[in-house]
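In these notebook entries I record what I looked up about side-chain contacts. I begin with aromatic rings and then turn to charged groups.

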Amino acid sequence: MSGYVNITQHRGGKVTFTAEDAEDSAPSSAFVKSVKEIPYDLAVLQISKVLASPEAEAPVAAPAPVNITELLSKKYCKSFAGLLAADADAYSTINATKDNGLTLFCPVDSAVASFMPKYKNLTAKGRTAILLYHAVPDYYSLQLLTSISGKVSTLATSNVAKKDYSFDVEKDGETAELDTKVNSASVTYTIKDDDPLAVYAISKFLQPKELYKIAKDIAPAPAPEGPKKKKTTKKKPSAAASPSDDDDDDDSAADSPDDSSSDDATADKDGAAPSAVAGWVTAAVAVASALALAA
């Protein structure tokens, strides 16, 4: 019967509440006033005393302390756990925050391996900052993480003077994507999700803009130009030409005499000249013969 409450209405309208498992001698709590009422959904009532319950008041064993490096080593983040264990400042800061609300993003082992050359080039302070950059000082379940869609601060924000060290969280299908402006990583696996601690494996090592150059958007390449069209030049029509070139050809063929007619005309002219000369010669011979006879 744990959790049940007896409600008793007395004469004069007084109402009292008593825990079901409370002792008979335990004082009841009286109704004071209604704070908020939403019909069929919610009612908030003020009562005069805390409801006594032996079971609720029984001592409960404290939860076993969580060992961050041990937790990470059992899953996909053994390499990241090693980096935390080797950095006393980062580990102590994260470990002191985990009981008050912490969301930790650990890069998977392959992501750490590919990032190690850059990690080794950082100063000691830079290494501590980038490890703290993977921890958010608030508890976010995966459902809440995919719904916030905005900027979040990290433990590096509060531990590195005059530096932002934040990143954006965006929904990516059923999971979340973390965008640092330098690179982005997706949540690939939930290692632990138990308020006040959430630990998620991510696909890449987060690179803060405070330590690395912001990735610039690459402008899309221009579309290839198509084959150039050959430029055509139109001839200016003459005064006697018709509007269309095709019409010019057709009209010229129709109006011009054919070749045989031209040849015949030339032949007639050539033939007419000898005939005239022959006539003159004949007349001259006749005149000469007549003069000879007369003499």
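**Entry 1: aromatic rings.** I first noted the rule: rings of Phe, Tyr and Trp (its six-membered ring) pair if their centres lie within 6.5 Å, and planes under 30 degrees apart count as stacked, over 60 as edge-to-face and the rest as tilted. The model is predicted, so I noted that local features need pLDDT of at least 70, that side-chain atom pairs count only at pLDDT 80 or more, and that totals for chains, interfaces and linings use all residues. Residues are numbered from 1 along each chain as its sequence is written, and side-chain values use heavy atoms, with hydrogens and water left out.

By this rule I found nine aromatic pairs. Tyr76 lies in the loop between α2 (68–73) and α3 (78–86), and Tyr189 in strand β10, 113 residues apart; helices (H or I, at least four residues) and strands (E, at least two) are DSSP runs, numbered from the N terminus.

I also recorded that Phe80, Phe115, Tyr119, Phe205 and Tyr212 form one aromatic cluster.

**Entry 2: a charge over a ring.** I found the charged end of Lys118 over the ring of Tyr212, 5.7 Å from its centre. The rule asks that NZ of Lys or CZ of Arg be within 6 Å of the ring centre and within 35 degrees of the ring normal.

**Entry 3: salt bridges.** Side chains of opposite charge can pair when their charged atoms come close. I counted five salt bridges, each defined as a side-chain nitrogen of Lys or Arg within 4 Å of a carboxyl oxygen of Asp or Glu.

Lys151 lies in strand β7 (residues 150–153) and Asp164 in the loop between α8 (155–159) and β8 (166–172), so the pair ties together parts that are 13 residues apart in sequence. I saw that Lys151, Asp164, Lys209 and Glu210 are linked in a network of salt bridges.

Asp168 bridges to Lys181, with the closest N and O atoms 3.1 Å apart. Is Asp168 buried or exposed? I noted Asp168 as buried, at a relative accessible area of 18%, and Lys181 as partly exposed, at 41%. Here buried means under 20% relative accessible area, exposed over 50%, and partly exposed in between (1.4 Å probe, protein chains only).
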